[in-house]
Every structure is written in C-alpha cells, then in structure tokens.
Amino acid sequence: MDQENNTDVIIIGAGLAGLTAAKVFKAAGKTIKILEASDAVGGRVRTDSVDGFLLDRGFQVLLTAYPETKRFLDYKALDLRPFSPGAIILNEKGRSEIVDPLREPSALLRTLMSPAGSLPDKVRMLGLKVKLAGKSLETIFNEDETTTLAYLRDAGFSERMIGQFFKPFMSGIFLENQLSTSSRMFEFVFKMFSEDDTAVPAKGMGMIPLQLAKDLSSAELILNEKVINLEGNIVKTSSGKTYQGTHIILATDQISLPVPFVQPVIKPYQSVTNMYFTASKPPFTKPIIALNAASSKVVNNMAVMSQVSEHYSSNGQALISLSLIGDHARTVAAELQSKVIQEMQFWYPEAVSWKHLKTYHVKYALPNDEQVRDVPENASLRLNEICFICGDHLLNGSIHAAMKSGRLAAEAVLDHLN
C-alpha cells in the first residue's frame, strides 16, 4: 500500500453530508481524503449545463432559515435568488394565487379571494405561522408524531384547503402524495418556509456543494473512485486501489453503502421524475411555484427557473421545470412527454409548443420521513471502533439534515480521536 494513501479520515461520498464533515475535519487540522464514485461533488444536489441551460437534477430549493446552511454556507457568494412567498393553484376551475400576506402585504386581497380555501382556512394558516414561529426545533422534534394529513385535519383545515394547497405543496417537498410524512417534518419545513426566503443560487443548486468543496485539493478529493469494500481501516475501490485511514466515515445514501455495511433490507425511500421543457415565452413571469391541485394529475408542481434566475437560460428562452412524484422511468419517454403537455395545456394552451429538453428519473431522491428526528439516536453515528456514518436518512430528508449529520459525525470522530 502506498504510504501517501494513509490519512486521518477517509470520507466515502462527496454529497452535502460528506463535504460538511470534511470542512469540520479541515478546520480541526486533520488530514482527509474523500472518495467519490461519480464525476463531481454534490450527490443528489447537482446542476448540469445542457444546450445553454442550467438543469438541477430534480427540482430543489434552499430554505435559507435552515440553521446548518446558515452555519456553513456563504449566502452572499451563492447570489441567492428568492421565490415569491406563495403559489399558483391549478385546478379544474382554472388558476388562482395564494400568497403569504405577512411577507407580501399587497397580495392580501388576492389571497383572500383565492378559492383554494375558505376564509377560516386562511386565518388558520396565519395562526399556524405564528404558532410555529414560537416553537424551537427541539420542541418540534420532541413532539409525538402523527401523519401530516392527520395533523392538518386536527388543526381544523378543510378538505378543500388540504387538497388544493397543502397536498400539492407538501407533496412536492416530501415526494409522496398521501401526506403520510411525519407531522414533525411538516412543522419543521413549514416553519422554515415561513421564517425566511425559499431560494436557489443564481447559477443552480450545484453551487452549494461546489462552495463546500472549494478548499479541497486534488489530493483530498478523488472523483470516479467507487468504494466496494471495507476491511478494518482499509478501503478498497473498483479501480483496484486501496486507502488506509485511522477513521472512516460513510457518507453515501442508504442504498449505496459498501460491503460489509450493505443493508439486506432497504428502508423505503421516495423517487421523483423531473422534466425540463423550453419555450419562447414563459407560462408565467413571477418567480413562483405552480401547484397542480387537480384530482387526477401527472405533474405535481411547476417552476419557470429562468424567471427565478436569468442564469438558468443563456439564450432568452424560458426554462420550465416540472416535477412528477414517483418513479416514471418505465414509462415510454414520448408517452410521458405527451401526457405532461396535454395536462398542462388546460391552463397554458401554449404548452403545445414547449420543447422537451431533458428528463431526470431520480430513483433515490429522499429517505422515507414517516419518522424523523433532528438529533441522531444514541450510537447511530458509529458503526464500529473506526467507522462512522452520516446522511439525511439518519435524521430527515433535507439539506439541513444532510449537513447536520455530516457535522455531528465529524465531531463524534474528533471526540474519539482526542
């Protein structure tokens, strides 16, 4: 074994969790080596450049109220571009808009007139925002869990408000249509949405991992190096190379763990299909999310990314992002495109002229969030004497949780080293 491959900590995976752990180790003066199977950093947070457009691999946003992102990211350098605080509601009767009047007072009348919910529903919505503003994250994650659907019903929201707003809105975040996600997760996410901007970096979500990785040298970050086996503190890769570390951190998703930590039974997870279309004119000009509340649908939500940031399109064309909940990889591509366009034509007749650019089928998009936490269970970060683990699947499916798990795993290793 080459002595240059000896290091304090080997991190397997250069997603947000692994990159955050690396920052903690470097700040502590430890030597690190990240082994990443793909050709770039980011894991599930990647942005591709295709024909003059920036395409995030799956519709994703940054909730700027997240404590861990505020701790590790330079928001100014990311040049964040916010979405409008609200949504366009698409249903069988047409289109309407619902906006947070506390964040955009001029939209109060428009929101009150929206058929998405009754006046009492909208009063309850404001009450929920106030209630969650006074709750700490510790309190939220220590409360008893129920489903998001049961939580909303218990809070008194009408079935119309749940179906027209909460279900399509939260389904786009949770990537499941039944609102079976933990009520803790709902409170956490809704609190984060309410307290600060929902945004994307001007040049795509992939700028987040690139910023986390900017201080890594070529000796510290090794791409296209897939780990296949761990034997003690020896890491073996598919290229035939071996690396040795005093400690090892597994920072992959739960379906990509190497031997001997491969899970015989994979826990449930969520999939999503993200389709991109281009158009000569945007279907709407506001940087806002459109939610499909129709009873029978293919598309869950839509955003015109070129209206959020001009950098998403370099040629003046509109870039339209559509999210479909679940795994549609087995559907014939032309058939899926046809279904999507036919559906969107009801609200936007010009959709007939939209041009398909690219489709992403993200098999593992989020872990199952029916039970969530913000602090890992005792000993869950440590697999054995030298091997530790991190990832959002240990806490909850969010950028915040991915980065927090990376930080906590790194701190656990440092405690063991000291």
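## Helix H12 and its sheet

Helix H12 (residues 333-344) lies across strands E7 (86-91), E14 (269-279), E15 (289-292), E16, E17 and E18, and runs at about 70° to E14. Helices (H or I, at least four residues) and strands (E, at least two) are DSSP runs, numbered from the N terminus; contact means heavy atoms within 4.5 Å. Axes are lines fitted to C-alpha atoms, for helices over the stretch in contact, and angles run from 0 to 180 degrees between N-to-C directions.

The model is predicted: local features need pLDDT of at least 70 and side-chain atom pairs count only at pLDDT 80 or more, while totals for chains, interfaces and linings use all residues. Residues are numbered from 1 along each chain as its sequence is written, and side-chain values use heavy atoms, with hydrogens and water left out.

The open sheet has seven strands in the order E8-E7-E15-E16-E17-E14-E18, with mixed pairing; two strands pair if DSSP finds at least two bridges between them. Its edge strands, E8 (94-99) and E18 (355-367), each pair on one side only. On average, neighbouring strands of this sheet are turned by 25° against each other, direction ignored. Strands E16 (residues 301-304) and E17 (residues 318-325) run antiparallel and are joined by four bridges. Methionine 302 has leucine 322 in E17 as its bridge partner.

## Methionine 275

Strand E14 contains methionine 275. Leaving aside neighbours within four places in sequence, the contacts of methionine 275 include Leu322, Leu336, Val340 and His356. Proline 209 is 66 residues from methionine 275 in sequence and 22 Å away in space, C-alpha to C-alpha.

## The chain as a whole

The secondary structure comes to 13 helices and 19 strands. The chain has a radius of gyration (over C-alpha atoms) of 22 Å, close to the 22 Å given for 418 residues by the globule rule (2.2 Å times the number of residues to the power 0.38), so it is as compact as a globular protein of that length.

| Property of the chain | Value |
|---|---|
| Span of the C-alpha trace along its principal axes | about 70 × 45 × 40 Å |
| Residues that count as buried | 56% of 418 residues |
| Average pLDDT (predictor's confidence in each residue, from 0 to 100) | 93 |

Over residues 105-109 the pLDDT is below 50, and this stretch has two contacts in the model beyond near neighbours in sequence.

Key:
Buried means under 20% relative accessible area, exposed over 50%, partly exposed in between (1.4 Å probe, protein chains only).
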